[in-house]
Amino acid sequence: MPEIPGLLKGLGVTFRTMLQPHVTVEYTGKDGKEKEAPPTRARGVIALKEENCTVCMLCARSCPDWCIYIEGHKDKAPPRREGGKPRTVQYLDRFDIDYALCMYCGICVEVCPFDALFWSPEFEYSESNIADLLHDKERLGEWMETVPEPPALEVGAEAKKGGKK
Amino acid sequence: MTHLFATLASPHIHLAYWQETLIKVVLVLVAVPTATAIIVQTFLFKVMAYMQSRLGPMEAGPHGSLQLLADGVKFVQKELLAPERADRLVFGMAPVIVLLSTFMLYVVIPVGPGGAAENLDTGIFFALAVSSISVVGILAAGWASANKYSLIGGLRAAGQLIAYELPLVLGVVGVVMLAGTLNLQGIVQAQASWHLFGHTILGLHGVPFVIPQFVGFLTFLVAAQAELTQVPFDMPVAESELVAGYQTEYSGLLFLFFYIGEFGTAFGLSAIAATLFLGGWYLPGFHAHGFGGDLLGFGVLFAKTMAVAFLIFWIRFTYPRFREDQLQAFAWKLLIPLALVNLGVTALVKVVA
């Protein structure tokens with residue numbers, strides 16, 4: 001019976017594990033331990049930086065389950081320089097993400113050419129009413145505070161060209 | 001338990017047969033769900049969680065102690081669904097048959113010197129006989145579900161339960177030979193007065209049969225594990241290939257019946273193993289009589305039962321599942337010959353010594 005030592009060893013492993021303190025951390029932190037923080041780059045919720053948005057609709061069109069609703073209007077803005085022509089600017093009226101539909105693929109964040117969408121690791125926004133999972137642009141803007149700093153560039157890497165820092 | 005009532009009430013009160021029977025029925029009806037709850041809460045929720053370095057249920061009541069109540073309410077309020085092509089009558093009857101075999105198992109377990117709900121002369125024979133009734137229920141459930149996975153699961157269960165019935169019985173026969181009786185109360189008393197070749201252990205009166213019948217105990221334990229379809233032997237409900245075997249189509253209360261059947265029988269078979277091999281309600285050095293003796297016996301039997309149940313569930317939480325052919329080979333090629341050899345040696349020693 002060459003299997004028997006291995007079988008007994010297996011029993012020993014489970015028995016020892018039973019006596020040791022548990023690894024699992026309680027979500028509510030009721031056992032006195034700190035609540036486990038998600039990794040900083042975790043895909044918790046999408047934050048919106050409203051002033052960067054140009055209502056280009058790329059995110060809404062790339063969304064696989066159509067959970068982003070955008071409405072905007074064009075309006076004249078005062079010229080940049082004295083004596084110039086008034087500019088045409090897109091104003092954002094509505095930017096909603098329905099988190100009841102969102103599948104957290106992050107394509108909208110990837111596709112945004114103007115850095116208006118960011119991932120935030122916050123995840124505690126469950127609701128008892130499904131309609132409340134539709135976050136409007138004010139609510140999405142509030143998440144911006146929780147967006148972590150982008151990781152530092154590698155040592156010796158060239159600074160990003162052209163773009164704003 | 002006839003005696004227990006005689007001591008509880010005054011000995012002058014005579015209960016009519018139907019009154020006595022009613023009390024016994026109510027007792028067993030209460031005992032089985034309670035035992036199931038204890039087993040599931042202790043082992044399935046907590047011990048399993050600790051063995052996997054988890055916490056288990058923590059939210060319902062202090063340390064999740066009311067989780068089972070929540071689960072029970074959930075099961076009861078769910079809709080009872082039957083497949084369109086199912087044989088409704090058999091489909092509904094199958095879990096009841098399984099549950100019936102569990103309830104009948106509890107009838108003969110002696111809980112104290114006062115006796116069991118029914119102190120049958122053929123006690124252990126009765127217990128083994130009724131515990132195999134569940135095969136009929138499982139086979140019926142598999143067939144009536146009108147589902148190929150259920151049918152395969154039911155057939156696997158039937159094959160397994162019949163194969164492991166033999167080592168279970170053969171493990172018991174050794175004890176019966178030593179005790180010279182089929183009566184469970186008699187087996188406990190035999191262990192209380194038994195001497196190992198004229199010696200006692202640590203000067204205490206009585207030797208539990210686990211010492212002379214260690215091989216029998218192992219055979220019984222492994223076979224009980226298979227009878228309960230606990231994990232190394234859970235081929236009939238193998239979820240990766242059969243969804244949930246014969247339980248696939250069951251929902252709500254009927255599923256709960258299977259659940260109670262499984263874990264109620266786990267407690268019942270553990271109690272029988274404790275009675276046969278660990279001395280039952282007898283605690284060496286204590287000779288209480290009357291109501292106190294019954295109470296002490298109940299506590300001792302409960303502790304021993306939980307110890308045996310811990311063994312069963314410890315094995316369950318440790319090992320992966322057998323393949324179907326390995327499972328059958330294990331029963332027929334290893335367990336049954338081992339039990340037969342044990343039986344032969346026991347007979348030889350009994351006659352010679």
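Which residues in α4(B) and α5(B) meet?

## Helices α4(B) and α5(B)

B:Ser101, B:Met104 and B:Leu105 in α4(B) meet B:Ala127, B:Val130 and B:Ser131 in α5(B), contact requiring C-beta atoms, placed from the backbone, within 7 Å. This is a predicted model, in which local features need pLDDT of at least 70 and side-chain atom pairs count only at pLDDT 80 or more, whereas totals for chains, interfaces and linings use all residues. Residues are numbered from 1 along each chain as its sequence is written, while chains are lettered from A and ligands numbered from 1 in the order in which they are written.

Helix α4 (residues 88-105) of chain B packs with helix α5 (residues 123-131) of chain B at an angle of about 165°, their axes being 8 Å apart; α4(B) and α5(B) are therefore roughly antiparallel to each other (angles over 145 degrees).

## Helices α9(B) and α11(B)

Helix α9 (residues 214-227) of chain B and helix α11 (residues 252-277) of chain B cross at roughly 170°, with axes that come within 11 Å, and are therefore roughly antiparallel to each other. In α9(B), B:Phe217, B:Phe220, B:Leu221, B:Ala224 and B:Glu227 meet B:Leu269, B:Ala273 and B:Phe277 in α11(B).

## Nonpolar cores

The largest nonpolar core has 95 residues, and B:Val175, B:Ala224 and B:Ala273 are those with the most contacts inside it. A nonpolar core is a set of buried Ala, Val, Leu, Ile, Met, Phe, Trp, Tyr and Cys residues joined through C-beta atoms within 7 Å, buried meaning that 20 or more other C-beta atoms lie within 10 Å of a residue's own. α11(B) gives the most to this core, with 16 residues.

Definitions and conventions
Axes are lines fitted to C-alpha atoms, for helices over the stretch in contact, and angles run from 0 to 180 degrees between N-to-C directions. Helices (H or I, at least four residues) and strands (E, at least two) are DSSP runs, numbered from the N terminus. Angles under 35 degrees count as roughly parallel, over 145 as roughly antiparallel, 65 to 115 as roughly perpendicular and the rest as oblique. Two residues are in contact if their C-beta atoms, placed from the backbone, lie within 7 Å. A residue is buried if 20 or more other C-beta atoms lie within 10 Å of its own, exposed if 12 or fewer, and partly exposed in between; C-beta atoms are placed from the backbone.
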